[in-house]
Amino acid sequence: MSRCGFVRELTSWLSGAGEPDSFPYSAVLAEFHRVGKHFVEKELLALLDQARAQSTVPAAARDAHARLLGDFLDTALDKWDGRYDYRSYLALRLLRLPCGDDVDDGPAADPLGARRERDRLLVRLVADALAFELTAASGTTDLLPERRPSRDVVAKRYRLGVRAASPALVRMGLAGTVPHREAVATPDELRALAADPDPSGELVLRLSMLPVHVTHDEYLFIRVLQAYECLFAGIADELRATVAALTAGQAGPAVERLAYAREQLTSAGPLFSLLATMHPEAFRTFREFTEGASAIQSRSYKLVESLCRTPEGSRLDSAAYHQVPEVRDRVHAGRPSVDDAFRAAVRDGLLAAPGGERVEEEMRSFAAAVVQWRRTHHRLATRMLGPRPGTGYTEGTPYLAAVRSIPVFTSVADDSRSASPTGPTGGSPE
């Protein structure tokens, strides 16, 4: 659709009833995808701003359609508003992932349901990325046309993507649906992996893809980062539940929660391998237009870090935590961590042998997985960025190098920092 189509459909919507459920999402997405979010004309953004003002209703009166439209327009207009950052770049509010006021202090009331929904979202994100790779390789889409990868790279991405999604599919009881014809599976087969019972799910997935440029690899980059945000949101929930279990002196549930969190992190290694298939020059091309957005602003990751162990004062006063004020405030308010809860449970005699030893062993295993993840993140960033500074006004790879050695826990003997840099999350990206 052309620029004129965008103006015509949006103007028609503005002059009509302006109902949220009839908003011309397809026309707006087509224009954003045609040029990249960074390059959408101010005249068109002004029309969207007008649409936002016209559709604003009190939060208490919003139905699902009004909420979706409000969240989409806020995401699309982040640069216009001067509040563009990592959360808006990844459209985390649209995906219902921790993005601000929704940072939660308690574990999910329905842990099995929460696990399943996060697994479903992760599979959908990966499957959508791979469907884009295959449609682009077949020449049936002109979306993000610059620097298309070779067919060999596309085939490798597909294999890695299926591997990244498989653990979640196993947990969901859907392992038998994984295609075996990896390099030639159709987009329809991929989407079948990610079927969503919510009829609005596919629209939300489409709306959460707003690249800043027209470089092909930005699609993969966004989807993998969204998948990691989903992953860390889930790990944070497991850690909250671990704190609750330790506080109650329940070693078994604490071990199960920690083990589940560790398995989530270690099984996600192929996501880094997927990112490693990006050509560094392609990454640097679109990265030029992401200034202001950095993973240092990730609330999900800071939730995980602060739920493992209460950060020291110097860490809380660093740019890393000033970028996530909601998380920082909760730490200052005294929210307990796994470290705190384990130390208190041992002190108060709540963890009788062998329960205490099992918890301690699982804490060490989880810490090793986190350190492996940090190392792989640093190695991949070094490959892509070299000595360049990070986006979001950060130091880039020197920052990642510095935080690799932050202890995950201090209440147990920490041998994680001397762990081998190989394995599910620490191996060299393929």
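# Reading a predicted helical model

This is a predicted model. By the distance rule, the disulfide count comes to zero.

Q: What makes the disulfide count zero?
A: A disulfide needs a pair of cysteine sulfur atoms within 2.5 Å. By this rule the count is zero.

Q: Why is Cys 230 called buried?
A: Its relative accessible area is 1%. Buried means under 20%. Cys 230 is therefore buried.

Q: How do you know whether Cys 308 is buried or exposed?
A: Cys 308 has a relative accessible area of 3%. The limit for buried is under 20%, so Cys 308 counts as buried.

Q: Why are H7 and H11 called roughly antiparallel?
A: Helix H7 (residues 111-137) packs with H11 at an angle of about 170°. Angles over 145 degrees count as roughly antiparallel. H7 and H11 therefore fall in that class. Their axes lie 9 Å apart.

Q: Which residues make the contact between H7 and H11?
A: From H7, they include Ala 114, Arg 118, Leu 122 and Phe 132. From H11, they include Tyr 219, Arg 223, Cys 230 and Asp 237. By class, the contact has eleven nonpolar, two polar and seven charged residues.

Q: Which residues touch the most other members of the largest nonpolar core?
A: Phe 23, Leu 48, Phe 72 and Phe 366 do. This core has 124 residues. Helix H11 (residues 217-247) gives the most to it, with 18 residues.

Q: What does Phe 72 touch, not counting residues up to four places away in sequence?
A: Phe 72 touches Phe 23, Tyr 25, Val 28, Leu 29, Leu 94, Leu 207 and Leu 210.

Q: Why is Arg 171 called partly exposed?
A: Arg 171 has 28% relative accessibility. Buried is under 20% and exposed is over 50%. The value for Arg 171 lies in between, so this residue counts as partly exposed.

Q: Where is Arg 171 found, and what is in contact with it?
A: Arg 171 is in helix H8 (residues 151-171). Leaving aside neighbours within four places in sequence, its contacts are Asp 119, Tyr 260, Glu 263, Gln 264 and Ser 267. Arg 115 is 56 residues away from Arg 171 in sequence. Their C-alpha atoms are 8.8 Å apart.

Q: How many helices and strands does the protein have?
A: It has 21 helices and zero strands. Of its 430 residues, 56% count as buried. Among contacts with a separation of 6 or more, residues 24 or more positions apart account for 79%.

How values were computed:
Residues numbered from 1 in each chain as written. Predicted model: local features only at pLDDT ≥ 70, side-chain atom pairs only at ≥ 80, totals over all residues. Heavy atoms only, no water. Core = buried A, V, L, I, M, F, W, Y, C linked by side-chain atoms within 4.5 Å. Buried < 20%, exposed > 50% of the residue type's maximum accessible area, 1.4 Å probe, protein only. Helix = DSSP H or I, 4+ residues; strand = E, 2+ residues; numbered from the N terminus. Contact = heavy atoms within 4.5 Å. Axes fitted to C-alpha atoms, helices over the stretch in contact; angles between N-to-C directions. Parallel < 35°, antiparallel > 145°, perpendicular 65-115°, else oblique. Nonpolar A, V, L, I, M, F, W, Y, C, P; charged D, E, K, R; others polar.
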